[in-house]
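Please open the structure in your viewer and keep the selection panel at hand. The tour below goes from one selection to the next and says what is there at each stop.

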Amino acid sequence: MSLAIWVCESDYDFDRVAAEWVAAHLEGPDPVLGLPTGGTPEGLYRELVRMHREEGLSFRSARTFNLDEYVGLAADHAQSYAHYMRERLFRHVDIDPSRTHIPNGLCEDPDEEARRYDALLREHGPIRAQVLGIGSNGHIGFNEPGTAFKTRTHTVQLTEETREANARFFESIDEVPRLAVTMGIANILESEAILLMAKGSSKQEALKRAFTDPPSIDVPASALQTHADVTVLVDREAAVGLAALLSQGPDGS
Ligand code: GLP
């Protein structure tokens with residue numbers, strides 16, 4: 001495993017460091033980015049938009065693949081990941097919308113949609129730079145505990161833990177979809193470089209299990225131990241879960 005751990009002291013540093021990592025991977029011809037949603041990357045997208053406006057960062061030649069989408073939500077539904085991406089990044093930068101890919105939440109047949117998305121990834125991949133968040137149960141994308149590491153894009157039944165964690169974005173938990181289409185762990189592992197972002201104490205245990213225990217399908221993020229180029233970006237609270245891997249404690253002691 002080649003694992004770099006970066007501990008940031010402030011949200012400002014966290015978002016900047018993440019955005020600079022993405023910007024560095026936008027250099028060169030035909031960059032392909034893998035992008036996450038959730039609360040953690042919101043500051044990353046704000047910073048990328050700022051860099052586009054103030055520093056000329058361009059997405060003109062980029063192609064993007066989002067990790068996942070809820071089944072049953074239209075692209076204009078306020079909680080769909082298509083809407084999330086459009087509002088937070090795509091409509092504010094110079095990316096060609098036809099080069100931004102997200103599974104279609106309103107597909108008639110989610111398994112067929114997963115196959116279509118996987119074929120698109122094969123056609124345009126490998127992803128040069130994949131950004132990930134992590135669920136409190138160790139999920140990456142929507143690959144829930146128990147998912148085989150060789151899994152490609154697939155339909156997934158969301159766990160109650162994940163639905164509860166994501167209910168904060170909906171009016172009530174009843175509105176949180178039960179199905180999603182997600183890139184599989186194999187797709188994620190095919191990326192050339194991976195940045196996993198985690199903030200807050202609710203991610204400590206998942207990080208500890210993912211990076212300090214042996215890889216196990218019970219903790220999907222532990223698959224990253226088998227990848228050659230992984231950077232984990234954490235704030236001080238999340239870093240507590242990685243204390244055993246840090247030469248200095250997350251509090252500098
Ligand atoms: C969702 C997404 C994941 C994301 C996770 C954590 O379940 N499908 O890709 O990593 O939430 O989100 P947050 O950053 O809000 O904690």
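Begin with the largest pocket, which has a volume of about 420 Å³. A pocket here is an open set of points, on a 1 Å grid over the protein atoms alone, where a 1.4 Å probe fits and where protein lies on both sides within 12 Å along at least five of seven lines; the volume is the space filled by probe spheres set on the points, which are joined across faces, edges and corners. This is a predicted model, in which local features need pLDDT of at least 70 and side-chain atom pairs count only at pLDDT 80 or more, while totals for chains, interfaces and linings use all residues. Residues are numbered from 1 along each chain as its sequence is written, and side-chain values use heavy atoms, with hydrogens and water left out.

Next, select Gly38, Ile134, Gly135, His139 and Asn166, which lie nearest the centre of the pocket among its 28 lining residues; a lining residue has an atom within 4 Å of a point. Then colour α5 (160–166), which together with β4 (68–70) is among the elements that supply at least two lining residues each. With four residues, α5 gives the most to this lining.

Now show the ligand, for the space it takes is the largest pocket. Of the 14 residues around the ligand, select Gly39, Thr40, Asp68, Arg168 and Lys203, which come nearest; a residue counts as near if one of its heavy atoms lies within 4 Å.

- A backbone N or O atom of Gly39 lies 2.7 Å from a ligand oxygen atom.
- At Gly141, a backbone N or O atom is 3.3 Å from a nitrogen atom of the ligand.
- In the side chain of Asn166, an N or O atom is 3.2 Å from a ligand oxygen atom.

Select Pro126, in the loop between α4 (110–124) and β6 (129–132), where the peptide bond from Gly125 to Pro126 is cis, with omega near 0°. Then move to Asp30, in the loop between α1 (11–26) and β2 (32–35); Asp30 has a positive phi of about 45°, although it is not a glycine.

Conventions
A polar contact is a pair of N or O atoms within 3.5 Å; within protein, one must be able to donate a hydrogen and the other to accept it, and residues adjacent in sequence count only if both atoms are side-chain atoms. A molecule sits in a cavity or pocket if more than half of its atoms lie within 2 Å of its grid points.
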